[in-house]
Amino acid sequence: MTTLNSTAERCRALPRLGALCLLALPLAAQAWNATGHRLVAEIAWQNLSPAARQQSARLLETHPDIDRWRERAKSDEPRAVFIEASTWPDEIRKDARFFTPDKDVPTPLLPGFPDMERHSSWHTAPRPIDGSNVPADFKPGQLDKQLVRQLAVLDSPTTQAPLRAYALPWVIHLLGDSHQPLHLSLRRAADGSWDRVGHAVAVNNPFNPRKNQMDLHEYWDSLPIAPSLRGERLASEARELLARHPRPAPGATPEQWIEESWREARDHAYPRETGTPVMISRDFQERSKTIAERRLVAAGHRLAERLNQAFAASPGTDTRP
């Protein structure tokens with residue numbers, strides 16, 4: 001996972017830049033580790049209707065990166081491809097075929113893609129958890145807007161198949177992002193600087209056997225266990241989560257999902273302990289893990305609900321070009 005500890009430290013070392021510095025940090029948040037996004041997709045797949053499974057598979061078959069997903073999954077099976085597509089919006093951040101505006105030279109448009117931007121700003125929509133006003137030049141993330149827009153693409157059976165095929169991995173991924181509390185958080189530190197999505201809070205996590213030192217955002221990303229979980233182990237973990245946590249009430253909107261995550265960030269996402277780094281306590285770890293599991297389960301159910309609705313609107317429609 002990407003961390004910004006060194007950048008944040010440089011910001012804090014430049015007092016003349018003050019509170020604006022951390023607001024200018026690049027949006028490198030990745031919302032859940034790869035296992036977290038795959039768990040959302042696995043839970044959704046277990047709850048998709050046969051029609052939604054079929055039409056999701058047909059759309060993904062037309063995506064230009066379908067062969068990459070099949071190779072990574074080591075399977076042509078629709079479930080495996082659907083799950084592998086869930087991490088694609090994070091993976092293109094390091095893909096030389098794509099570019100970041102104002103940072104890279106634009107790359108050529110390749111067949112099947114509507115554009116070649118990485119769209120890093122789509123993953124977050126931070127706002128102050130204490131009700132503060134942000135500076136006028138603050139650049140908010142686009143998660144709230146783009147999640148709604150990509151859902152609208154899927155909801156329209158008359159939209160061209162390539163655009164729906166491009167939207168589907170984004171919907172799978174952004175719906176997971178919208179349930180990660182720190183993707184909605186903006187917090188003013190004691191020195192007046194701004195911490196965007198938890199990157200400026202260094203923590204020591206004694207409960208992670210692979211890595212102790214990280215920032216708070218990475219801590220939340222890594223709560224869903226190992227980043228490489230796939231196959232039957234992934235399905236088994238999803239079944240255990242479904243057994244532990246109830247299905248959310250149906251009918252919630254993307255705005256409500258995001259509001260829930262923002263409230264979790266406000267009330268529970270930041271440790272009450274102080275220090276640099278902050279030592280993660282057992283109570284905080286257990287509470288955070290429970291929240292993360294509950295949010296993953298909610299995201300999986302809601303993804304299934306929205307895809308079942310989207311693909312029920314055009315039963316039997318051939319989604320291929």
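At what angle do helix α4 and helix α6 pack, and how far apart are their axes?

## Basis of the model

This is a predicted model, in which local features need pLDDT of at least 70 and side-chain atom pairs count only at pLDDT 80 or more, while totals for chains, interfaces and linings use all residues. Residues are numbered from 1 along each chain as its sequence is written, and side-chain values use heavy atoms, with hydrogens and water left out.

## Helices α4 and α6

Helix α4 (residues 50–61) packs against helix α6 (residues 78–85) at an angle of about 65°, their axes lying 10 Å apart; helices here are DSSP runs of H or I with at least four residues, and strands are runs of E with at least two. Axes are lines fitted to C-alpha atoms over the stretch in contact, with angles running from 0 to 180 degrees between N-to-C directions. On the α4 side the contact (heavy atoms within 4.5 Å) is made by Ser56, Ala57 and Leu60, and on the α6 side by Pro78, Val81, Phe82 and Ala85.

## The nonpolar core

Phe82 is also among the residues with the most contacts inside the largest nonpolar core, which has 72 residues. Such a core is a set of buried Ala, Val, Leu, Ile, Met, Phe, Trp, Tyr and Cys residues joined through side-chain atoms within 4.5 Å, where buried means under 20% relative accessible area with a 1.4 Å probe, protein chains only. Helix α13 (residues 282–312) gives the most to this core, with eleven residues. Leucine 303 touches residues including Val40, Phe82 and Leu175.

## The sheet

Three strands form an open sheet in the order β5-β4-β6, with mixed pairing. Strands β4 (residues 202–204) and β5 run antiparallel and are joined by three bridges, two strands being paired if DSSP finds at least two bridges between them.

Definitions and conventions: Buried means under 20% relative accessible area, exposed over 50%, partly exposed in between (1.4 Å probe, protein chains only). Lists of a residue's contacts leave out its neighbours within four places in sequence.
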